[in-house]
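This briefing is meant for a reader who is meeting the structure for the first time. Please look through the sequence and the model before reading on.

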Amino acid sequence: TYIMIRENSLFCKLVRIKSSSKILFDSFMAGFRSELQTCPCCGAKGSCRIHAYYDRSLVDFIGGTQVRHSLCIMRLICTCGHTHAILPDFIIPYSSYGLFFLLRVLAEYFLRLSTVERLCERFGITLSQLRRWLQLFRVQKEDWLGVLSSMEVSGLSFLKSLLTQPAYSDFASAFVRRFTKSFLQSHKNPALYCQQAFGP
Ligand SMILES: [Zn+2]
């Protein structure tokens, strides 16, 4: 079974640094200790070891243009037999676009800095892609806040509240716990998936 582990990272720091997802990923993995992890399936501590690596692409928006990185994702295997891909929370499972890319598109959309056509052109995305992200954002905002509260909080306010949190990973972890998928993840997880955010 193919399962992922969500990893925490300091979101705000990342936004301020304006670093690339690739640099952040490499620095995150440099500090990652597989022997300290808890298996999200069986709960055992220190029972995971490195199983394999695979390549994955991730799209960033740097210097006004799309940049595609290739990331080397580590997969752990636990003595219980489950495998876990290690993904920091700025990687959205099943999305080739990184979290920063999506949040930036959404922020510029809500700030109405330009027309929707210009926005899509600037980010190199189609109008239907933008609509899918907006719809996903609205649905998940409502899931998170509840229908009534969601009506009182604009998209921009909600986005701002996420970006200004002291630790985005707290939100990311809580979201995964409640909805068993990541924020802005559109595809559902496989049936035997036990995605979990780990503490730093
Ligand atoms: Zn296990």
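Which residues coordinate the zinc ion? In this predicted model, the zinc ion is coordinated at 2.3 Å by the SG atoms of Cys 39, Cys 42, Cys 78 and Cys 80. The points below take up this site, then a surface patch, and then a helix.

**The zinc site**

- The angles that the four donor atoms subtend around the zinc ion run from 103 to 114 degrees, and the arrangement is therefore tetrahedral.
- Along the sequence, the donor residues of the zinc ion follow the spacing C-x2-C-x35-C-x1-C.
- Cys 39 is buried because its relative accessible area is 2%, which lies under the cut-off of 20%, whereas Cys 42 counts as partly exposed at 42% relative accessibility.

- Val 147, Leu 148 and Met 151 make a nonpolar surface patch of about 350 Å².
- Leu 148, one of the residues of this patch, is placed in helix 6, which covers residues 147-152.
- With a relative accessible area of 62%, Leu 148 is exposed, since the cut-off for that term is over 50%.

**The buried face of helix 7**

- In helix 7, which covers residues 155-163, the buried residues are Gly 155, Phe 158, Leu 159 and Leu 162.
- Seen down the axis of helix 7, these buried residues fall within an arc of 100 degrees, so they line one face of the helix.

Notes:
Residues are numbered from 1 along each chain as its sequence is written. This is a predicted model: local features need pLDDT of at least 70, side-chain atom pairs count only at pLDDT 80 or more; totals for chains, interfaces and linings use all residues. Side-chain values use heavy atoms; hydrogens and water are left out. Donors are N, O and S atoms within 2.8 Å of the metal (3.2 Å for Na, K and Ca); water is not among the atoms, so sites may look incomplete. Four donors count as tetrahedral if all angles lie between 85 and 135 degrees; four count as square planar and six as octahedral if opposite donors are over 155 degrees apart and all others between 65 and 115; anything else is irregular. Buried means under 20% relative accessible area, exposed over 50%, partly exposed in between (1.4 Å probe, protein chains only). Patches are made of residues with over 30% relative accessible area and no salt bridge: like charges are joined within 9 Å, nonpolar side chains (Val, Leu, Ile, Met, Phe, Trp, Tyr) within 5 Å. Accessible areas come from the Shrake-Rupley method with a 1.4 Å probe; for residues, only the protein chains shown count as cover. A salt bridge is a side-chain nitrogen of Lys or Arg within 4 Å of a carboxyl oxygen of Asp or Glu. Helices (H or I, at least four residues) and strands (E, at least two) are DSSP runs, numbered from the N terminus. The arc is that of the directions from the helix axis to the C-beta atoms.
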